[in-house]
Amino acid sequence: MPTPIIAPFPASRLRRLRRTPAIRAMVSECDVTPANLIWPIFVTEVAGAEGEISSMPGVERLTLDGVKRAAERAARLNIPAICIFPHSDQDLKTETCERAWDPDNIGNRAIRAVKETVPDLAVMTDIALDPYNANGHDGIVVNGEILNDETVAALVRMALVQAESGADILGPSDMMDGRIGALRGALEQAGHKHVAILSYAAKFASSFYGPFRDAVGASGRLVGDKKTYQVNPANRGEAIRCVARDLAEGADMVMVKPGLPYLDICRAVKDQFGAPTFAYQVSGEYAMLEGAIRNGWLSRDAMFESLLCFRRAGCDGILTYFAPLVAEAIAARA
Ligand code: PBG
């Protein structure tokens, strides 16, 4: 940014442009609209597991019927996309993760349910093995090692079935090397040339994912941590290299995850690459904000402000569990 030229006081009184709502609106530099939101939802196949997730107050695991209702709600609120996360039967999780590419797994059934209900709503999916992995990891584990290339081959199978089920946008969140190129190549070859990839490019090994792991039933399962594949929270340069690599391999859009603690990465990615850039306001961020709001420690405005900050930092959109609430608030304001 060039150094601003600013007249000395009193010629310059910055408060002139803060005086009334109309003038403040005129000079507002960014805004949040429903078009900027992607709504992550959880779907369960386990009888009795539907309902509120205790570490994410206000967020529920949905049945397939619930997913259809959520899709209709998203469309009504002009939210362009939802992102589906499966909570699958614990007893069907294996070390080889073959349910990940079963056309009838709960994730793929949810894709089809949304597409039948609201065909125009964009459906994003998660590409990683953790919902179907007995040990809770995103990749195939053998003798304690998360195997890269074997995992990529499994992810390709998973992706093709998701594309077949009607997914519009695939979200590889696994952080294996080479997955974007492999996925793009396989999609092209199978005739899914219009299916887009939103890469979880700069995904950090964060402790802010805890409530999500409760939501998908991975908490008790995870053996060890994900530090051998997710980025060290200390590393900005490495995150930039991840984004460069994923774009070079064919990612259409990129994501920074988590969100608010990583706004410096969002800004750097947008400035450096100019690609469509998204942030994931993850489960732990949601839990912190929503917990404080429900306790009366923060006002509801904190929710909206948090999303505005992503826009200010250069993000084109935000994956956020607040999506329906925010879109409702925006609709009520209009
Ligand atoms: C795993 C995945 C995670 C999230 C999205 N996909 C968790 C993890 O990496 O352990 C986290 C999302 C959130 O915390 O809201 N494939």
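## Basis

Residue numbers start from 1 along each chain as its sequence is written. Because the model is predicted, local features need pLDDT of at least 70 and side-chain atom pairs count only at pLDDT 80 or more, while totals for chains, interfaces and linings use all residues.

## Overall fold

The chain contains eleven helices and twelve strands, these being DSSP runs numbered from the N terminus (helices H or I, at least four residues; strands E, at least two). Its radius of gyration of 20 Å, taken over C-alpha atoms, agrees with the value near 20 Å for a compact globule of 334 residues, a rule that takes 2.2 Å times the number of residues to the power 0.38.

## Nonpolar core

Within the largest nonpolar core, which has 98 residues, Ile 41 and Ile 82 touch the most other members; such a core is a set of buried Ala, Val, Leu, Ile, Met, Phe, Trp, Tyr and Cys residues joined through C-beta atoms within 7 Å. Helix H4 (residues 148-165) gives this core its largest share, seven residues.

Ile 140, in strand S6 (residues 140-142), counts as buried because it has 23 C-beta neighbours inside 10 Å, where 20 or more are required, with C-beta atoms placed from the backbone.

Definitions and conventions
A residue is buried if 20 or more other C-beta atoms lie within 10 Å of its own, exposed if 12 or fewer, and partly exposed in between; C-beta atoms are placed from the backbone.
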